[in-house]
Amino acid sequence: MLDFLQELWKKSNFAAEITKRELKLKISTYKTTTLKPFDMDAKKVLEDLKRRFPNEPEYHQAVEEVLGTIEEEYNKHPEFDKVNLIERLCIPDRVYQFRVTWMDDKGQIQTNMGYRIQHNNAIGPYKGGIRFHSSVNLGILKFLAFEQTFKNSLTTLPMGGGKGGSDFSPRGKSNAEVMRFCQAFMLELGRHIGPDIDVPAGDIGVGGREVGYMFGMYKKLTREYSGVLTGKGLEFGGSLIRPEATGYGTVYFLRAMLKTKGDEVKGKKVLISGAGNVAQYAAEKVLQLGGIPMTMSDSNGYIYDPDGITREKLDYIMELKNVYRGRIKEYVDKYPTAKYVGDGAKPWFEKGAQIALPCATQNELNEEAAKALVANGVIAVAEGANMPSTPGAIRVFQEAKILYSPGKASNAGGVSVSGLEMSQNSERLSWTSEEVDAKLLWIMENIHENCVKYGTEADGYVNYVKGANVAGFMKVAKAMMAQGIV
Ligand code: NDP
């Protein structure tokens, strides 16, 4: 090789001065200088995003977490950098933003903002939930759509990533108001989605009721009966196990993590946050596996039941939240041995539990709470919500080497069964609960295996964040490479 290069140099004007030694030096310099530009500088990419899209801290946080863990793998593929793959993957394909106007029960006209982020469709139609909550803004939805892209990739199903929502809150609204809002929202959103384009589902504030109203308006607008939304009612194309899927999947993932330590859910006390869809079915699966849920919460505070939340008590919570749309503090009126802690308090400081399942919202578990969990003997944290742990909290869990799974891995059960709902709609068939549940279990265990494959560190500790990010990223990256610059 050296001789060949020296021969080439001899033919050039500089040939005479070049010795073998100098040439060696030039080659080593060539290696370092020409390979350098191929390195993804995660910090620079992030700074650039912050400059171009300021005031979107959740989006920056989600991107930072992913870039920090995939950098090593990315740098093994100089072909990615040549086509600026990382920026194309971080910035959404497109963002729709619109005004939603509706009439409240007093006849007054209200306006809200509506959004849909179509993040990436390299591996399938855009797919991701719709969130109705007063806190919703563009940055939060961009973080959710970004995360969704990796999560959907992990499921092995053909789904791209998207997310949408509005700063409208269904809390305290009448049924008729919720219907009018959902219809007005779909009047705008309807033109951007479709069963092979973008398939929304539920999220915070969007359950079966809201999905039903939006589906009705989409059907009317398009004169089409299609699987354009998932999370539909069973009577009109919904899948069995979809309401349960995120919570069940989170606990299936938890079980797989515990199994790596020869441990199980049975007999473990579990701190759960949230009292919505994910929290309810996480609690149900914990009970089925012999664990003991101790807490549940909403944005006002949490309840702690020293005797554990039994099946009967969980039924009460489900009725309270889903039928009467009540608040979690009402639990202590019914079960006075339990306590309620208000002022937005979180359940993470309660002692005596071995497991924590954050199932409410982003950044609900901070560094201080994480330290308390570790100090109080928690051995596993599985996220049911999206990005509930702050970066500081994640550091605490990983430094303590406890089992910790990020939402994009452990809460992927919901979108997985949404994917199965799309398959059933395309086939015009419905599968049994057993079939769907078996597929859900398989998918969750498969995601767990992939996390172990890509996330196991030299000392044997499984970094589930890294495992999920690398596994999710590689599939999307390869699909983007194959499809050219689009
Ligand atoms: P729900 O609306 O059914 O329930 C949300 C729960 O979290 C409620 O108890 C709510 O209380 C509480 N909550 C919401 N915002 C806050 C806040 N700022 N502080 C404290 N508590 C809060 O939503 P889901 O159960 O569907 O979603 C929960 C989480 O799971 C979200 O992060 C969502 O993105 C994620 N997720 C959901 C999936 C699904 O299939 N539904 C799929 C994958 C992830 P309150 O009533 O007071 O607002």
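In the predicted model, a polar side-chain atom of Asn386 is placed 2.8 Å from an oxygen atom of the ligand, a polar contact being a pair of N or O atoms within 3.5 Å. The protein covers 85% of the 880 Å² of accessible area that the ligand has on its own (Shrake-Rupley method, 1.4 Å probe). An N or O atom in the side chain of Arg327 lies 2.6 Å from a ligand oxygen atom, and a polar backbone atom of Ala360 lies 3.5 Å from an oxygen atom of the ligand.

The ligand is surrounded by 25 residues, the closest being Asp203, Thr246, Ser299, Arg327 and Asn386; a residue is included if one of its heavy atoms lies within 4 Å. Of the shell residues, 6 are nonpolar, 12 polar and 7 charged. Because domain 3 (94–225) and domain 4 (245–414 + 447–455) both contribute residues to this shell, the ligand lies between them; the bounds come from an automatic or database domain assignment.

Ile447 is located in helix α18 (residues 433–455), helices being DSSP runs of H or I with at least four residues. Ile447 counts as buried because its relative accessibility is 0%, the cut-off for buried being under 20%. Leaving aside residues up to four places away in sequence, Ile447 touches Leu154, Thr155, Phe253, Ala409 and Ala412 (heavy atoms within 4.5 Å).

Residues are numbered from 1 along each chain as its sequence is written. Local features of this predicted model need pLDDT of at least 70 and side-chain atom pairs pLDDT 80 or more, whereas totals for chains, interfaces and linings use all residues, and side-chain values use heavy atoms, without hydrogens and water.

Note on methods. Helix = DSSP H or I, 4+ residues; strand = E, 2+ residues; numbered from the N terminus. Buried < 20%, exposed > 50% of the residue type's maximum accessible area, 1.4 Å probe, protein only. Polar contact = N/O pair within 3.5 Å; in protein donor to acceptor, adjacent residues only side chain to side chain. Nonpolar A, V, L, I, M, F, W, Y, C, P; charged D, E, K, R; others polar.
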